Amino acid sequence: MIRDPLPRAWALLIGLSLLSAALADWSDPGRLTSILILGLGLAKARTILATYLRLAGAPFWMRGADWVLALVGVLLLGLYIVG
Amino acid sequence: MTDSPTETEPFDDLPGDLMIWVLIVSELLVFGAGLAAFLAVRATDPAGFATAQAALHPAAAALNTAVLVTSGVAAALAARSAEAARLGAGRLWLAFAMALGVVFLVVKGFEYADLAAQGIGVESHAAFTFYYLLTGFHAAHVAAGVLILGLVAIRLRPYPVETAAAFWHMVDLVWVLLFPVIYLMG
Amino acid sequence: MKYQTQKIALAYFAVALALFAVQVTMGLVLGYIYVAPNFLSEILPFNIGRMLHSNSLVVWLITGFFGAAYFLIPEEAEREIHSTKLAYIQLAILVLGTAGVVVTYLFNLFEGNFLLGKEGREFLEQPKWVKAGIVVAALIFLYNVTMTVLKGRKTAITNILLLGLWGLALLFLFAFYNPSNLALDKQYWWYVVHLWVEGVWELIMAAILAYLMLKLTGVDREVVEKWLYVIVAAALFSGILGTGHHYYWIGTPAYWQWIGSIFSSLEVIPFFAMMSFAFVMVWKGRRDHPNKAALLWSLGCATLAFFGAGVWGFLHTLHGVNYYTHGTQITAAHGHLAFFGAYVALNLAIMSYALPLLKGRDPYNQVLNMASFWLMSGGMVFMTFTLTFAGTVQTHLQRVLGMNYMEVQDQLWIFYAMRLGSGVAVVLGAVLFIYAVLVPRREIIARGAASMSAAE
Ligand code: HEM
Ligand code: HEM
Ligand SMILES: [Fe+2]
């Protein structure tokens, strides 16, 4: 287990990227896989905000960022599902 | 005169400079709106967008994701070194982050060149208009970020390095949202 | 008034107010032509009147900005203006140029002359010699105030104000480029006009509002400055690429439709921030400043700018909407409330603050001035609504149903008549304002009333 949060966030980001690459490669991405891939993107965005940009240390702003990401996610997801 | 000394502004515990956060939020709004518009227009022409997406290079873009998040951790480590007044280490991490930024641009350049060779331009299809606008605008930020990281490396001080790194993380952040929506979601 | 050279502002404000009167009167003439189309058609064709209305607007607003700069820079920089003489020479050049424009256009002098005649453009229309004069005046101004600031105290307010004024002057240089290709002509025109009102003028607006808030509410400078920087960053971030909202249908590539739609939508943010700023400062502030009229104009400015520029701008800024509304009365509705809210009210706010000090009439509650605020703003808001209705009907009949332009105009007569009525209210309000700030020697404030408001 990596102690330092920065390399740990990096490993997580690489892991999530590999996962989405695998999902995308695994047959033509259908609806469900596409939604999962979007979710993985949002998870990466949250990791970057929390660790690279150090919002984890400022709970008030982290909550705000979570709201923003959730809104972006709902908006994109909604448009994707409609289309 | 107005604020009693005990009253703290919520901005005080925001990590890093307030202005860089104004920029991050603004960029997120721009790219978020751009991606939303992309998906909305896509809903009117799913087949056309699927054909266009097939011409893109998801493998190159996936590689670029790894390149960019690695570059991001390097920039964060540079900021940490600068904080601890370890100038040599700080410069090394910055150089590494910049080099990966250049790799990103080179890979991106190959993607554009290949599309151009197929005769695909901004006006070929609405999907490509969005593709070029969004990735092009993002790539311009990568180029600017490399420049900024280089500038703060000259006279290494904690505050500028931290601000430059925050800009770089913003570029990262935008990419991890751009990549799945434009390249992967089918 | 702490510094002698602040008096320069008095002359600038007087010229600005005189042109303001001419501008709104010309508006009234135009409004009457809409109702009775043959009015003055031989002597003053509509296009010339329209040019005078919009150009004199821009000229008086800029003259007012110059006056505001001469008034507030000595206080901020804590020293006298570098050269009083240069300041008056600058004003003389501006007055001469303006008179030159009016005379040249009314009598159509020097037709076809490269230097002296009309340029025959729809926009950015002044004879070349006047353009050159404007540049000389701007250079004198910039030299004068920059020297003052460089030698004195530097504050965020003066920095942003100077940035805005330098941007204003540099962008004007695009007016000299006169390509014969109409699409290119328009492309450059927006470099000037859009990047002015939705770019550098916003910096001027933010700086002057910040100065007024500092004086009127007594909030800490540090707090004001933080807001100022955020507003300026948001304005430039959105405004520069927001220019794209004028490039939808002029022959520029189609990707401008997305750049313009996305960035100009964000232009709402700085206007919202300025409105929040003004109200938060008043709410947080402890000072109960006697100049209620200046406060009223400041709050009115921030609010009407948000509605006129922000809300009415957003209304037609997405290219899917603009496809239908482009160049209809919706545009005129937006143009009027945006210019009035953001820049007319801003000028009148700083004048309401400065003129009593310049004329040595403190304390002063300016009841007449406040009445003029309600009359003028009420008229303008009503005008905006009538034009918005007219524009909605016009868009539907002309752009959706495809009816003939003139047939549609016949249907809109009632709206144009109401616009003329609201225009009368605006002109009366303007006259009342000018009277209120320049003429009464002293307005009686009952002692009791004064102490009551102080005790609030
Ligand atoms: C301070 C007040 C005023 C401001 C800031 C103002 C501003 C403007 C602007 C910016 C334009 C050009 C609009 C465009 O390009 O679409 C314009 C045109 C016009 N204004 Fe005003 N104006 C004011 C007062 C008035 C008044 C009092 C009237 C009288 C009814 C009036 C009537 C008109 C008319 C008829 C036009 C021409 C519209 C057209 O071409 O269809 N304005 N004004
Ligand atoms: C104080 C700031 C502003 C002023 C003074 C202003 C003034 C004007 C004027 C006078 C015009 C008419 C130009 C012409 O065609 O002759 C115009 C057009 C336009 N404005 Fe603004 N505006 C401001 C802010 C905004 C904002 C913030 C937005 C968007 C959110 C906006 C969106 C538009 C659009 C889309 C048009 C083109 C209308 C058309 O296609 O006919 N404006 N503006
Ligand atoms: Fe504009």
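Which side chains meet in a salt bridge at 3.8 Å, N to O? They are those of Glu78(C) and Arg153(C). A salt bridge here is a side-chain nitrogen of Lys or Arg within 4 Å of a carboxyl oxygen of Asp or Glu. Glu78(C) sits in the loop between helix 2 and helix 3 (84-107) of chain C, and Arg153(C) in the loop between helix 4 (128-151) and helix 5 (156-172) of chain C, so the pair ties together parts 75 residues apart in sequence. Helices are DSSP runs (H or I, at least four residues), numbered from the N terminus.

This is a predicted model, in which local features need pLDDT of at least 70 and side-chain atom pairs count only at pLDDT 80 or more, while totals for chains, interfaces and linings use all residues. Residues are numbered from 1 along each chain as its sequence is written, chains are lettered from A and ligands numbered from 1 in the order in which they are written, and side-chain values use heavy atoms, with hydrogens and water left out.

Back to the pair. Glu78(C) is partly exposed, because its relative accessibility is 47%. Arg153(C) is partly exposed too, with a relative accessible area of 31%. The cut-offs are these: buried is under 20% relative accessible area, exposed is over 50%, and partly exposed lies in between (1.4 Å probe, protein chains only).

Chain C holds another such pair. Lys215(C) forms a salt bridge with Glu75(C), with the closest N and O atoms 2.8 Å apart. Lys215(C) lies in helix 6 of chain C and Glu75(C) in helix 2 (residues 46-77), so this pair joins parts 140 residues apart in sequence. Glu75(C) counts as buried, because its relative accessibility is 11%. Over all chains, the rule counts 8 salt bridges.

Now the metal. Four residues coordinate the iron ion (ligand 3): His194(C) through ND1, Glu198(C) through OE, and His245(C) and His246(C) through NE2, at 2.1 to 2.2 Å. Donors are N, O and S atoms within 2.8 Å of the metal (3.2 Å for Na, K and Ca); water is not among the atoms, so sites may look incomplete. Along the chain, the donors of this ion follow the spacing H-x3-E-x46-H-H. His194(C) is in helix 6 (residues 182-217) of chain C, while His245(C) is in the loop between helix 7 (221-242) and helix 8 (256-266), 51 residues apart. Both His194(C) and His245(C) are buried. The iron atom of ligand 2 is 4.2 Å from the iron ion (ligand 3).

Turn next to chains A and B. In contact are 31 residues of chain A and 37 of chain B. Contact means heavy atoms within 4.5 Å. The two chains bury about 3100 Å² between them, 79% of it on carbon and sulfur atoms. Tyr52(A), Leu53(A) and Trp61(A) lose the most area on the chain A side, together 19% of what that side buries. Buried area is the accessible area (1.4 Å probe) that two parts lose on being put together, summed over both.

The rule finds 2 salt bridges across the interface of chain A and chain B. Asp4(A) and Arg80(B) meet in one, at 2.5 Å, N to O. On the side of chain A that touches chain B, helix 2 of chain A gives the largest share, 10 residues. Glu162(B) pairs with Arg54(A), the closest N and O atoms being 2.9 Å apart. Glu162(B) is in helix 6 (residues 158-184) of chain B, and Arg54(A) is in the loop between helix 2 and helix 3 of chain A. Arg54(A) is partly exposed, because its relative accessibility is 43%.

Conventions. Helix = DSSP H or I, 4+ residues; strand = E, 2+ residues; numbered from the N terminus.
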